Each structure stands twice: as C-alpha cells, then as structure tokens.
Amino acid sequence: MPTSVSLGQNYPNPFNPSTVIRYELPVATDVRLEVFNIQGQRLATLVDGRQQAGNHSITFRASDLSSGVYLYRLSAAGTVLTGKMTYIK
C-alpha cells in the first residue's frame with residue numbers, strides 16, 4: 001500500500017490523443033483530479049468522488065483540444081499535487 005498521496009507523470013508525454021495519469025492514495029478519501037489550460041481555466045474534471053486506498057489510473061483524451069501545455073491537479077487527503085503535460089496534434 002502507498003504511504004502517501006502521490007501523483008505520477010502522465011504517460012506518454014508528449015501525447016496524442018490520449019494519456020494515462022497515475023496516482024496513489026494511502027487511505028480511502030475524497031479525490032478530485034482536474035485538467036487546466038496554461039491560463040488556469042479548468043477544462044475537465046476526471047475524478048470527483050471517494051476512492052479506496054491504492055494505485056489508480058485514469059485516461060485523459062484531448063482530441064478536442066489544441067496542441068499545447070496543460071496542467072493536471074490532484075486534490076486528496078489534504079494534499080494538492082500538480083503535473084504538466086504536453087499535447088501535440
């Protein structure tokens with residue numbers, strides 16, 4: 001079991017048109033995983049709810065977005081972690 005909340009680098013990165021985001025939870029908790037553009041506008045909420053402890057992954061599909069750099073943010077168990085990903089059409 002994980003010992004802390006962690007957020008992995010998306011894979012592949014850069015990606016086209018989809019990528020996988022992995023994260024770990026040490027305890028069952030409410031989780032929110034969101035994607036933002038570089039201006040800080042939220043584009044998608046990938047996870048919003050309670051999840052069990054353990055390893056998790058989610059696929060993000062960006063085929064309707066423009067090429068560029070995007071941020072993804074995980075909020076869980078009082079921790080907020082952010083990663084950066086690049087979409088190339």
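Arg 73 has a partner. That partner is Glu 34, and the closest N and O atoms of this salt bridge are 2.8 Å apart. By salt bridge I mean a side-chain nitrogen of Lys or Arg within 4 Å of a carboxyl oxygen of Asp or Glu. Glu 34 is buried, at a relative accessible area of 2%.

A word on the source. This is a predicted model, where local features need pLDDT of at least 70 and side-chain atom pairs count only at pLDDT 80 or more, while totals for chains, interfaces and linings use all residues. Residues are numbered from 1 along each chain as its sequence is written, and side-chain values use heavy atoms, with hydrogens and water left out.

Now the sheets. Strands are DSSP runs of E, at least two residues, numbered from the N terminus. Two of them pair if DSSP finds at least two bridges between them. Look at β3 and β4: eight bridges join them, and they run antiparallel. Across that pairing, Val 35 stands opposite Ala 44 in β4.

The other open sheet has three strands. Their order is β1-β2-β5, again with antiparallel pairing. β1 (6-7) and β5 (54-61) stand at the edges with a single partner strand each, so one side of each has no neighbour in the sheet. β1 and β2 pair over two bridges. Ser 6 stands opposite Glu 24 in β2.

Back to charges. How many salt bridges does the structure hold? Five. One joins the side chains of Arg 50 and Asp 30, at 3.9 Å from N to O. That pair links distant parts of the chain, with Arg 50 in strand β4 and Asp 30 in strand β3, 20 residues apart. Arg 50 is exposed, at 58% relative accessibility. Another salt bridge joins Asp 48 to Arg 32, and its closest N and O atoms are 2.8 Å apart. Asp 48 lies in strand β4 and Arg 32 in strand β3, so this pair ties together parts that are 16 residues apart in sequence. Asp 48 is exposed, at 57%. Arg 32 is partly exposed, at 25%. Then there is our opening pair. Glu 34 sits in strand β3 and Arg 73 in strand β6, 39 residues apart. Shared partners join Arg 32, Glu 34, Arg 42, Asp 48 and Arg 73 into one network.

Next, the nonpolar core. That is a set of buried Ala, Val, Leu, Ile, Met, Phe, Trp, Tyr and Cys residues joined through side-chain atoms within 4.5 Å. Which members of the largest one touch the most other members? Out of 20 residues, they are Tyr 23, Val 31, Val 35, Phe 60, Leu 74 and Met 85. Two or more residues come from each of β2 (18-25), β3 (29-37), β4 (42-51), β6 (68-76) and β7 (79-87). β6 gives the most, with four. Take Phe 60. Leaving aside neighbours within four places in sequence, its contacts (heavy atoms within 4.5 Å) include Phe 15, Val 35, Ala 44, Leu 46 and Met 85.

Asn 10 is in the loop between β1 and β2. Is Asn 10 buried or exposed? Buried, at 2% relative accessibility. Its side chain makes a polar contact with the side chain of Thr 19, at 3.0 Å. A polar contact is a pair of N or O atoms within 3.5 Å; within protein, one must be able to donate a hydrogen and the other to accept it, and residues adjacent in sequence count only if both atoms are side-chain atoms. A polar atom of the Asn 10 side chain also lies 3.2 Å from the backbone oxygen of Pro 12.

Last, Gln 51, in strand β4. Its side chain makes a polar contact with the side chain of Tyr 23, at 2.5 Å. The C-alpha atoms of Gln 51 and Ala 28 are separated by 5.5 Å, while the two residues are 23 apart along the chain.

How values were computed: Buried means under 20% relative accessible area, exposed over 50%, partly exposed in between (1.4 Å probe, protein chains only).
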